[in-house]
Amino acid sequence: MNLTEIFKNPPAEYRIKPFWFWNGDMTKEEIRHQIEEMADKGLGGMFICARQGMTLPYLSKEWFDMTVYACDLAKEYGLEAWLYDEYPYPSGMSGGEVLLENPEAEHSVLNHKSFLAEGEKELEADLGWTRILFAMAFPVKENETDWENGLDLKDMIGNLQTEKIYQKTGLTRYNNKRFFSYGPRKILKAVLPEGKWNIEIYTEGTLGDFKYYGGFFDPCNEKAVQTFIETTHERYRKALGERFGISVHGMFSDEVGLLSPIPWSRSLPEKFKERNGYDILSHLPALHHREIKDSARIRYDLYDTAHELFRESYHKQVSDWCKKNHLLYA
């Protein structure tokens with residue numbers, strides 16, 4: 001049974017498909033050696049994967065020349081060739097190029113801060129340098145939070161440079177040193193009415209440094225996914241297009257997804273309101289507090305909307321491209 005048959009109709013038990021990792025100095029001699037070994041051991045096919053340690057520049061002419069050589073050699077030995085769409089993983093970044101073209105598509109995360117505060121005392125909280133989505137204080141009576149009568153705290157939040165630095169440089173003719181402040185942060189400062197209060201704050205930040213790219217993209221950003229296809233899939237089509245569906249059978253994506261603890265994207269609130277008829281930004285505490293009215297439905301609506309948004313933006317675009325170009329998508 002070949003890889004195509006396994007993919008379409010997987011049996012209960014079958015031999016694991018081999019991965020071919022391109023690490024280090026891959027030469028034509030080494031490629032031939034590996035393919036001969038795979039054929040000799042009865043394997044049905046191979047995946048071509050760009051991985052850590054590779055010295056061949058990914059998506060370069062040299063990369064595609066070696067890929068063409070490997071695919072043609074696989075056909076000669078009766079093996080199916082499959083492509084992997086990334087270097088190294090997760091998929092969607094074109095080795096990092098997607099964020100170079102779409103810096104606004106950096107992956108967002110939803111942050112939650114919850115704490116109790118006493119009324120008639122100065123309250124101060126450092127919220128980091130993030131976008132404020134929700135900030136409210138809810139009265140607590142007899143150890144129960146009154147979720148219906150909250151106070152909006154957004155107007156009590158400003159930004160402050162909290163780091164002090166000393167700079168010695170040629171700033172002016174008359175002075176070559178200066179004390180500065182640096183590093184803006186969102187700061188909440190408030191004095192609440194008498195009583196106990198439950199403070200609920202939700203902010204939107206960026207994922208930051210992640211694995212191999214220094215960041216990660218938002219797979220719900222359709223434009224960024226289009227860039228991924230243009231900078232990876234279309235370049236494979238240019239190099240190997242006449243082999244698609246004949247000796248090159250498919251392409252797979254790996255580990256791409258929403259990486260916020262609760263699925264999040266900058267485009268999610270608009271999609272959520274369009275799909276569900278209400279504003280998720282006004283109901284964020286329901287994501288963490290089951291006692292809030294309709295919290296289960298709100299959480300379901302959020303996850304279902306995120307799933308649909310991710311599927312339509314990423315998987316459908318990539319799958320449609322593969323289908324159009326006679327490749328299976330895994």
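Let's start with the largest pocket of this predicted model: its lining divides into eight nonpolar, four polar and three charged residues. That pocket is lined by 15 residues, and the ones nearest its centre are Trp147, Glu148, Ser282, His283 and Ile292. Strand β6, residues 131-141, gives the largest share of the lining, three residues. As for the space inside, the largest pocket has a volume of about 260 Å³.

Now hop over to the second largest pocket, which holds about 160 Å³ of space. Its lining has two nonpolar, four polar and six charged residues. Among the residues that line the second largest pocket are Glu104, Glu106, Arg131, Lys186, Glu204 and Arg266. Here the largest share, three residues, comes from strand β11, which runs over residues 196-206.

Next, the cores. The largest nonpolar core has 70 residues, and Trp63, Leu83, Phe217, Tyr236, Leu284 and Tyr314 touch the most other members. Which residues is tyrosine 236 in contact with, leaving aside its neighbours within four places in sequence? They are Tyr58, Trp63, Phe64, Thr67, Leu83, Tyr84, Gly241, Phe244 and Met251. There's also a second, separate core of 15 residues, including Ala135, Leu153, Leu192 and Ile199.

What about the cysteines? Cysteine 49 counts as buried because its relative accessible area is 0%, under the 20% cut-off. Cysteine 71 is buried as well, with a relative accessible area of 0%. A disulfide is a covalent bond between the sulfur atoms of two cysteines. How many disulfides does the count come to in this model? The answer is zero.

The backbone has some details to look at, too. A cis peptide bond joins proline 90 to tyrosine 89, with omega about 0°.

Finally, take a look at two glutamates. Glutamate 120 lies in the loop between β4 (108-118) and β5 (122-126), and its phi is near 65°, a positive value in a residue other than glycine. Is glutamate 120 buried or exposed? Its relative accessibility is 58%, so glutamate 120 counts as exposed, the cut-off being over 50%. Glutamate 255 has a positive phi as well, near 70°, and is found in the loop between β12 (248-252) and α6 (268-276). With a relative accessible area of 47%, glutamate 255 is partly exposed.

Notes: Residues numbered from 1 in each chain as written. Predicted model: local features only at pLDDT ≥ 70, side-chain atom pairs only at ≥ 80, totals over all residues. Heavy atoms only, no water. 1 Å grid on protein atoms, 1.4 Å probe; cavity = no way out; pocket = protein on both sides within 12 Å on 5 of 7 lines; lining within 4 Å. Points joined across faces, edges and corners; volume = space filled by probe spheres on them. Helix = DSSP H or I, 4+ residues; strand = E, 2+ residues; numbered from the N terminus. Nonpolar A, V, L, I, M, F, W, Y, C, P; charged D, E, K, R; others polar. Core = buried A, V, L, I, M, F, W, Y, C linked by side-chain atoms within 4.5 Å. Buried < 20%, exposed > 50% of the residue type's maximum accessible area, 1.4 Å probe, protein only. Contact = heavy atoms within 4.5 Å. Disulfide = S-S within 2.5 Å.
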